[in-house]
Amino acid sequence: LHDGSIDIAVHSLKDLPTDQPPGLGILAMPKRADARDALVVRGDHLEFFLKGVADDPVAYEPRDMLAAVPEGATVGTSSLRRAAQLRALRPDLVVQDIRGNVDTRLRKLDEGGYDAILLACAGLDRLGFGDRIQRRLGPPWLPAAGQGAIAVQGRAVDGETALLLHPLENRPTRLEVKAERGVLAGLGGGCSMPLGVRGVVQGDRLALEAVLLSVDGGRSVRARRVGEATLAGADRLARIVCRDLMDRGAA
């Protein structure tokens, strides 16, 4: 981008540092995919895992879904955030690290190395594996900042390219992600911090919820605020949520 050999770079936003290199910026954010985390269960466990769980994927809380997971089951994830939330809800489960791309992780699950795994809904949906999702985990389970969003990065002074990209821009996504990344930056964390955060635009209002956990899931602090759905409002909301978290022991 700096030397002009390319005009744009496309990133998964949750992997992009909150501080942009000098001279670069995010020129467009297309409409966000599903920001939630997904519980994927090994095929031969499906009937047992889902017994007694509501068919409506929204009509439950994560702790209700996880109540159907047998005691001592092995759940794979490479995310500190997911592992911490899982340990907080179900300390009896065995959390094991899992590595590789989505295909590799699904294969490891199917080969019997895990009873279930946690992945991002967006990645599974985009790669055509949406039918593998047993449950999409909504609040109080929270995703990573920017999860499900794509960032089109370019040179800040390249007005011509920015104009060409303008039809891709989705304002609600921009506002949600700005607030979420503001919390991440305000706490001084990177993508490895066990922080869940989700912004949701509802009309002219922006709701922002965040939870910071200890790695073992034994301690957590949570905050939720609602503010104006504007760029300035997203910045202000992130600062307030950060302050609330610090007041409740985030440090």
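This is a predicted model: local features need pLDDT of at least 70, side-chain atom pairs count only at pLDDT 80 or more; totals for chains, interfaces and linings use all residues.
Two strands count as paired if DSSP finds at least two bridges between them. Helices (H or I, at least four residues) and strands (E, at least two) are DSSP runs, numbered from the N terminus. Residues are numbered from 1 along each chain as its sequence is written, and side-chain values use heavy atoms, with hydrogens and water left out.

Let's begin with the chain as a whole. Its secondary structure comes to eight helices and 11 strands. A compact globule of 251 residues would have a radius of gyration near 18 Å, and the 19 Å of this chain agrees with that; the radius is taken over C-alpha atoms, and the globule rule is 2.2 Å times the number of residues to the power 0.38. Along its principal axes, the C-alpha trace spans about 55 × 40 × 30 Å.

Now to a sheet. Three strands form an open sheet in the order S1-S8-S2, with antiparallel pairing. Strand S1 (8–12) and strand S2 (24–28) stand at the edges with a single partner strand each, so one side of each has no neighbour in the sheet. On average, neighbouring strands here are turned by 40° against each other, direction ignored; the axes are lines fitted to C-alpha atoms, for helices over the stretch in contact, and angles run from 0 to 180 degrees between N-to-C directions. S1 and strand S8 (residues 150–155) pair in the antiparallel sense over five bridges, and Ala9 has Gln153 as its bridge partner in S8.

Two helices are worth a visit. In helix H3 (residues 80–89), the buried residues include Arg81, Arg82 and Leu86. Ser79 caps the N-terminal end of H3, with a side-chain oxygen 3.2 Å from the backbone nitrogen of Arg81.

Helix H8 (residues 231–247) is the place of Ala238. Ala238 is buried, with a relative accessible area of 3%. Leaving aside residues up to four places away in sequence, Ala238 touches Ala179, Gly182, Val183 and Leu208, where contact means heavy atoms within 4.5 Å. Ala238 and Thr74 are 164 residues apart in sequence and 35 Å apart in space, C-alpha to C-alpha.

Key
Buried means under 20% relative accessible area, exposed over 50%, partly exposed in between (1.4 Å probe, protein chains only). A polar contact is a pair of N or O atoms within 3.5 Å; within protein, one must be able to donate a hydrogen and the other to accept it, and residues adjacent in sequence count only if both atoms are side-chain atoms.
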